[in-house]
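This briefing concerns helix packing and aromatic ring pairs. Please look at the sequence and the structure before reading the points that follow.

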Amino acid sequence: MIAIGILAHTQVELLNILLNQLDDLEIDIYLHLDQKSNVLIKKIIKNKNLIILDKRVSVKWGDFTQIQAELNIFQEIANSKKKYKKILLISGQDLLIKKISVLKQQVYSNSYECIENYEIENSNLDIKSDRVLIKYPKHLIGRNKVQIFFNRVYRKIYPYFFKRKKYKGKIFFGSNWINISLDAMNYILKEMKKKEVRKLFEDGFLVDETFVQTILSNSIYKNNIKVENYRYIDWKTGPEYPKILLKNDFEKIINSNKWFARKFDIEKDREVIEQIINYTSEGKSEK
């Protein structure tokens, strides 16, 4: 069995397409719907393998609520007592880009913790450990221009007035779209119940891209990490980051070695979504 957690907040039609793609006897879906979402639960298709979480969070970009939504999914999976082979986390604007039979075969044959994972101090990307080690006021976490400006100023002046948080391990980061074992998931839940670990991430910035990576990379699971999350995401082309995938991206999507692609918007390009539905149908041949 495979458990797939979905974080969703918009576009119920697209979400239902994804749920139909994943309608399989060997897959259970755990759906967290953002508490402030305008998606009506009654409009979501009720497949037998779908569990809609009652414990919902109003998710705010960049802060701990994103982690809490993921933890709620993990806890619901743990409470089920089912022995899943792998736990996958995706968004409601993802689509499966393999046939379901291919996805299952590749997941079942994979024994690694498959995540994007980079040590912050050894990365050439503009990612700093201060995401975690600085305590951020909630009003500075957001995507409007004023918040972005004062967030940057705050990070620069922080060391002159406050001490950074201490952490005995190394800080890692990567995409929050992950594929991990049930044991690793349970270990994360256990660690996040420790006050000092939770506090490390609770008042950080963009911490959803650090907590899984940091916890697993400072644990017995570190030697079983494969730096690959099997997601096709275009962070380079724009104009959005990540790019909204369009029909002219179709060939690149299906010729990747990935399991899922994001980000789709049914209002911007329905054609690429229909192409992927047809391509992943079990009645079609795959390249």
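The model is predicted. Two packed helices are described by the angle between their axes and the distance between the axes. A pair of aromatic rings is described by the distance of the centres and the angle of the planes.

**Helix H2 against helix H6**

- Helix H2 spans residues 64-80 and helix H6 spans residues 182-192; their axes are 10 Å apart and form an angle of about 125°.
- This angle makes H2 oblique to H6.
- The crossing of the helices H2 and H6 is left-handed.
- On the H2 side, the contact involves Phe64, Ile67, Leu71, Phe74, Gln75, Ile77 and Ala78, which meet Leu182, Met185, Asn186, Ile188, Leu189 and Met192 in H6.
- By class, the residues in the contact of H2 with H6 comprise 11 nonpolar, two polar and no charged.

**Helix H2 against helix H7**

- H2 also packs with helix H7 (residues 195-202): the two axes come within 9 Å and cross at roughly 130°.
- H2 and H7 are therefore oblique to each other.
- Phe64, Ile67, Gln68 and Leu71 of H2 meet Arg198, Phe201 and Glu202 of H7.
- The contact of H2 with H7 has four nonpolar, one polar and two charged residues.

**Aromatic rings**

- The whole structure contains 12 aromatic pairs.
- One of these is formed by tyrosine 187 and tyrosine 221, a tilted pair with 5.6 Å from centre to centre and 55° between the planes.
- Tyrosine 187 belongs to helix H6, whereas tyrosine 221 lies in the loop between helix H8 (211-217) and strand E10 (225-227); the two are 34 residues apart, and the pair links distant parts of the chain.
- Tyrosine 187 counts as partly exposed because its relative accessibility is 22%, while tyrosine 221 is buried, with a relative accessible area of 15%.
- Tyrosine 230 and tryptophan 259 form a stacked pair, with 4.2 Å from centre to centre and 10° between the planes.
- Tyrosine 230 sits in the loop between E10 and strand E11 (231-232), and tryptophan 259 in the loop between helix H9 (250-254) and strand E12 (260-262), so this pair ties together parts that are 29 residues apart in sequence.
- Tyrosine 230 is buried at a relative accessible area of 8%, and tryptophan 259 is buried at 1%.
- Ring pairs also link Trp61, Tyr136, Tyr154, Tyr158, Phe162 and Phe205 into a cluster.

Terms used
Residues numbered from 1 in each chain as written. Predicted model: local features only at pLDDT ≥ 70, side-chain atom pairs only at ≥ 80, totals over all residues. Heavy atoms only, no water. Axes fitted to C-alpha atoms, helices over the stretch in contact; angles between N-to-C directions. Helix = DSSP H or I, 4+ residues; strand = E, 2+ residues; numbered from the N terminus. Parallel < 35°, antiparallel > 145°, perpendicular 65-115°, else oblique. Left-handed = near helix turned anticlockwise from the far one by under 90°. Contact = heavy atoms within 4.5 Å. Nonpolar A, V, L, I, M, F, W, Y, C, P; charged D, E, K, R; others polar. Phe/Tyr/Trp six-rings, centres within 6.5 Å; stacked < 30°, edge-to-face > 60°. Buried < 20%, exposed > 50% of the residue type's maximum accessible area, 1.4 Å probe, protein only.
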